[in-house]
Amino acid sequence: MPALVNYGGDDDFYSGGSFYRNSMDLGRLCSISSQVDVYCPPRKRVRIDAPFSFGETEVQQNKQPLIDVLPDECLFEIFKRIPGGRERSSCACVSKHWLMLLTSIRKGEYESSKVVKESINSSSDDVETISSEEDDGYLTRCLEGKKATDMRLAAVAVGTSGHGGLGKLSIRGSISSCGVTNFGLSAIARGCPSLKVLSLWNVLHVGDEGLSEIAKECHLLEKLDLCQCPSVSNKGLIAIAENCPNLTALSIESCSKIGNEGLQAIGKLCPDLQYISIKDCPLVGDHGVSSLLSPACSILSKVKLQGLSITDFSLAVIGHYGKSVTNLVLSGLQNVTEKGFWVMGNARGLRKLVSLMITSCCGVTDVSLEAIGKGCINLKQMCLRRCFFVSGDGLVAFAKSAGSLECLQLEECNRVTQAGIIGVLSNCGLKSLTLVKCMGIKDISLGAPLSSPCNSLKSLSIRNCPGFGTVSLALVGKLCPQLQHLDLSGLCGITDAGLLPLLQNCEAGLLKVNLSGCLNLTDEIVLALMRLHGATLEVLNLDGCRRITNASLVAVADNCAFLSDLDVSRCAITDAGVAALSHAQQLNLQVLSFSACSGVTNKSLTFLKKLGKTLVGLNLLQCNSISAQTVELLMESLWRCDILF
């Protein structure tokens with residue numbers, strides 16, 4: 001038994017009080033003794049040669065965790081041997097210091113990654129099982145505003161590795177004081193090699209260093225979007241071109257340091273590029289744009305060029321070498337003349353072009369527009385915005401030459417007249433025509449007889465064209481008997497008498513009708529609309545038609561079986577109209593709007609509850625006669641419906 005306790009010293013007894021320095025030490029011993037059996041010899045005390053202390057060590061006195069005593073080199077080696085992503089995430093939660101250390105380790109430096117690489121040589125089946133767990137790259141993260149910081153990016157880099165890998169990352173509008181820098185983007189690069197889509201918007205402190213790290217580590221990158229990144233230059237874009245051969249989409253906007261050199265590298269080294277968008281980049285010129293359309297980029301299909309200082313040369317290159325281009329957007333090209341657009345059309349290289357949108361380009365004239373129509377033989381969609389030198393005659397010539405044209409949209413083309421619109425409808429097989437703010441259209445009776453009707457037109461939208469009145473509507477009605485979608489929003493001058501012939505000539509049955517802002521329309525035209533097309537109508541918008549009353553809602557309730565969307569905001573609707581809708585036997589509305597209808601009060605609560613059985617959206621904004629308590633009762637009953645109040 002004496003062998004249980006071994007001690008040195010003489011046989012003198014220790015006397016003179018307790019040998020514990022403080023009561024805390026005594027408490028610790030008591031707590032230990034309550035759990036451990038200790039042998040104590042009778043009538044003797046513990047002999048000591050020197051004072052024995054249970055006091056705190058130096059590290060404990062400084063309140064520093066023992067693990068922090070280890071140098072970063074040791075922690076680095078420890079972290080490298082952590083087996084999985086979830087365990088690394090747990091370690092990252094310990095402290096910012098540990099998080100920063102973990103982000104400094106590249107994906108391939110972990111021991112578990114090395115095991116996977118060794119397994120590749122021995123068993124390919126095992127590799128699929130191991131690698132698919134962490135490297136698929138299907139996760140998406142978006143950081144905006146205050147949330148866009150280096151610390152959050154570091155957490156994303158560590159946290160996503162154990163949950164499938166990061167595939168898409170979007171950073172928008174980081175704060176200048178504590179926003180994203182090259183450090184945060186480098187952390188993503190080291191921890192997320194599976195990244196395929198990267199979007200940087202208004203990120204002031206991310207430059208070539210961060211983008212180069214992405215290029216160095218994320219070789220699977222397919223889509224890159226840079227918007228308002230003033231610190232990114234050609235150097236960063238060249239690094240992307242050299243290391244990311246799988247790049248298929250590139251968008252650059254308001255990047256003042258990116259120019260021709262970077263685009264030339266993209267055109268030379270990224271053979272899979274299919275989409276390019278360049279906007280408001282002052283250093284980009286003809287050499288940069290033309291290099292993207294060289295024979296090496298033979299599969300480039302979508303091109304957007306906006307606000308650039310390019311000349312006729314770039315459009316000539318597009319016309320000759322854009323053999324795979326299907327969608328083309330040209331906007332704000334002030335240095336391109338009529339000759340550039342004429343050559344682009346006559347080059348006959350845009351044979352696959354399907355959609356063309358031109359905005360604010362003074363080089364678009366009647367002559368160049370006709371050349372485009374002849375050269376783009378498969379063009380189906382054409383949009384002209386603020387092209388002030390295009391007249392009605394040029395539009396008719398274009399319509400005759402563009403044999404495949406299906407959709408035509410004109411916005412603020414003020415030289416286009418009523419005769420031009422009638423000529424277009426008479427000379428091509430359009431399916432959709434949209435006119436917005438075309439001030440040159442005047443309501444004039446045409447002396448010449450109308451040609452054969454345009455039976456192909458299914459959709460007609462005439463918005464905010466004040467000169468389009470009763471006479472013009474009657475002409476369109478005679479020419480377009482197969483209309484199904486009709487949008488006349490903002491035509492303050494039309495009346496019931498002017499709209500009625502158009503409704504009577506629509507033989508196919510209207511599906512969608514938008515008459516918002518037509519102030520002079522009354523219940524009479526709604527009754528006629530219900531009588532003629534109520535059986536087929538699916539969407540009806542009467543927003544702002546102040547002369548529309550409950551009688552229109554009664555007609556809707558009696559005639560519409562397929563109506564799913566009804567908007568009577570700012571109309572003279574009262575509780576009686578809501579009641580009429582609720583008593584309809586065949587109505588199954590999904591979206592209903594009574595915004596700013598002061599006549600709808602709390603008395604409509606029961607009727608709204610009944611309508612709510614099928615509703616998924618209810619707009620009660622600015623309904624001042626409905627109390628908040630009534631809305632709360634509606635929310636309790638219509639839990640499936642989104643209610644705006």
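The exercises below concern a predicted model.

Residues are numbered from 1 along each chain as its sequence is written, and side-chain values use heavy atoms, with hydrogens and water left out. Local features need pLDDT of at least 70, side-chain atom pairs count only at pLDDT 80 or more, and totals for chains, interfaces and linings use all residues.

**Exercise 1. Find the average pLDDT of the chain and a stretch below 50.**

Step 1. pLDDT is the predictor's confidence in each residue, from 0 to 100. The chain averages 84, and 78% of the residues score at least 70.

Step 2. Residues 1–41 have a pLDDT below 50, with 27 contacts in the model beyond near neighbours in sequence; a contact means heavy atoms within 4.5 Å. Residues 114–134 are also below 50, and that stretch has 18 such contacts.

Step 3. Where pLDDT is low, the predicted coordinates should not be read in detail.

**Exercise 2. Describe the largest nonpolar core and the surroundings of Phe594.**

Step 1. A nonpolar core is a set of buried Ala, Val, Leu, Ile, Met, Phe, Trp, Tyr and Cys residues joined through side-chain atoms within 4.5 Å. Buried means under 20% relative accessible area, exposed over 50%, partly exposed in between (1.4 Å probe, protein chains only).

Step 2. The largest core has 165 residues, and Leu384 and Phe594 touch the most other members. Helix H11 (residues 234–243) gives the largest share, five residues. Helices (H or I, at least four residues) and strands (E, at least two) are DSSP runs, numbered from the N terminus.

Step 3. Leaving aside neighbours within four places in sequence, the contacts of Phe594 include Leu553, Val568, Ile573 and Cys623.

**Exercise 3. Decide whether Leu460 is buried or exposed, and list its contacts.**

Step 1. Leu460 belongs to strand S13 (residues 459–463).

Step 2. Leu460 counts as buried because its relative accessibility is 1%.

Step 3. Beyond four places in sequence, Leu460 is in contact with Leu433, Val476, Leu483, His485, Leu486 and Asp487.

Step 4. Between Leu460 and Gln484 there are 24 residues in sequence and 8.4 Å in space, C-alpha to C-alpha.

**Exercise 4. Name the elements that the buried residues of helix H21 pack against.**

Step 1. In H21 (residues 523–533), the buried residues include Ile525, Leu529 and His533.

Step 2. The buried residues of H21 pack against helices H20 (496–505) and H22 (550–559), and against strands S15 (512–514) and S16 (539–541).
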